[in-house]
Amino acid sequence: MTTPSETALQPHLTPAQNDAFARDGYLVMRQLASAERIAAMRSLALDHLERAVEPLEYEADVAYPGAPASRTAEGGDTVRRLLDAYDRDPGFADWAADDRLTAIVAQMLNSPTVWMTPNHHNCVMTKAPTYSSATAWHRDLRYWSFASPYLVNAWLALGDETPGNGCMRMLPGSHRMEIGAGRLDDAQFLREDEPVNAELIATAEYAELAPGDVLFFDAGVFHAAGANTGAERKLAVVTSYFGRDNAPVAGTRSARRPAIQVRE
Ligand SMILES: O=C(O)CCC(=O)C(=O)O
């Protein structure tokens, strides 16, 4: 449910914002969620972390650079994602289906109807100060199976996101680029030892966020993020959407659970 202080905010993209999203593959919308909603989701997330409410993904599971070597190693119990945000608590489900949020996504997807996939992201991403890992350059689409590549992610900051605590870095326009298989490693991360990739990575922009800001990004845009070198935990709610001309491919992980229509 939209909170009273949110109703006064501008829910639609201006033509300039629309153009920027199409050009860059991402767009930050400031203060889309109210302070009260952020406070409520933050305390929910912290409570679920404290009580280790399943399903969880640990730093040791992702095994990215900087992650503890195993679940039994020092820091091995550091959580990276609170999974299944939508079913975890109505507070997260309300946000995922929020009218103002999905109105923007509808514009970005050029579709009046919008579905959320429960099978990708659909989580609270978190980076704890001591044992967090960095994520290398990738497209989210790499392991997703949909009829078309047009999906949009919404990354809602529940606190400040800065270079120091591992905010997202984006490669503007990379959703429109053909990147040959030779430029990617076996896990489909950009090979940073390739000079042509190094040139591309030099164009990176930080997506710095304040609580309530939303980073929208095309699932085809390359992005990365550093470890959290700050003193406080970083938290963000991340959800993914597709429109009327798209659907998960039957029999794949992207179709494991039925999509949720969040805009009719
Ligand atoms: O916070 C990060 O390290 C980035 C996470 C990310 O890019 C992803 O899960 O696709």
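The shell around the ligand is made up of two nonpolar residues, three polar ones and one charged one. Here Ala, Val, Leu, Ile, Met, Phe, Trp, Tyr, Cys and Pro count as nonpolar, Asp, Glu, Lys and Arg as charged, and the others, Gly among them, as polar. The residues in question are M125, T135, D140, G166, H223 and A225; each has its C-beta atom, placed from the backbone, within 6 Å of the ligand. This is a predicted model, in which local features need pLDDT of at least 70, side-chain atom pairs count only at pLDDT 80 or more, and totals for chains, interfaces and linings use all residues. Residues are numbered from 1 along each chain as its sequence is written.

Strand 6 and strand 11 (residues 223-225) run antiparallel and are joined by two bridges. Strands are DSSP runs of E with at least two residues, numbered from the N terminus, and two of them pair if DSSP finds at least two bridges between them. These strands belong to an open sheet of four, ordered 6-11-8-9, with antiparallel pairing. Strand 6 (135-138) and strand 9 (205-207) each have a single partner strand, so one side of each edge strand has no neighbour in the sheet.

Strand 5 (residues 123-127) pairs with strand 12 in the antiparallel sense over five bridges.

How enclosed is strand 12 (residues 234-243)? Of its 10 residues, 10 are buried, so the strand is largely enclosed by the rest of the structure. Buried means that 20 or more other C-beta atoms, placed from the backbone, lie within 10 Å of a residue's own. In a regular strand, side chains alternate between the two faces of the sheet. Here K234, A236, V238, S240 and F242 point one way, while L235, V237, T239, Y241 and G243 point the other.

Y241 makes a handy last stop. Opposite this residue of strand 12 stands M116, and V152 stands opposite Y241 too. V152, in strand 7, counts as buried because it has 24 C-beta neighbours inside 10 Å. Leaving out residues up to four places away in sequence, V152 touches V105, M108, L109, F216, D218 and Y241, a contact being two C-beta atoms within 7 Å. L109 and V152 are 43 residues apart in sequence, yet their C-alpha atoms are 7.3 Å apart in space.

Definitions and conventions. A residue is buried if 20 or more other C-beta atoms lie within 10 Å of its own, exposed if 12 or fewer, and partly exposed in between; C-beta atoms are placed from the backbone.
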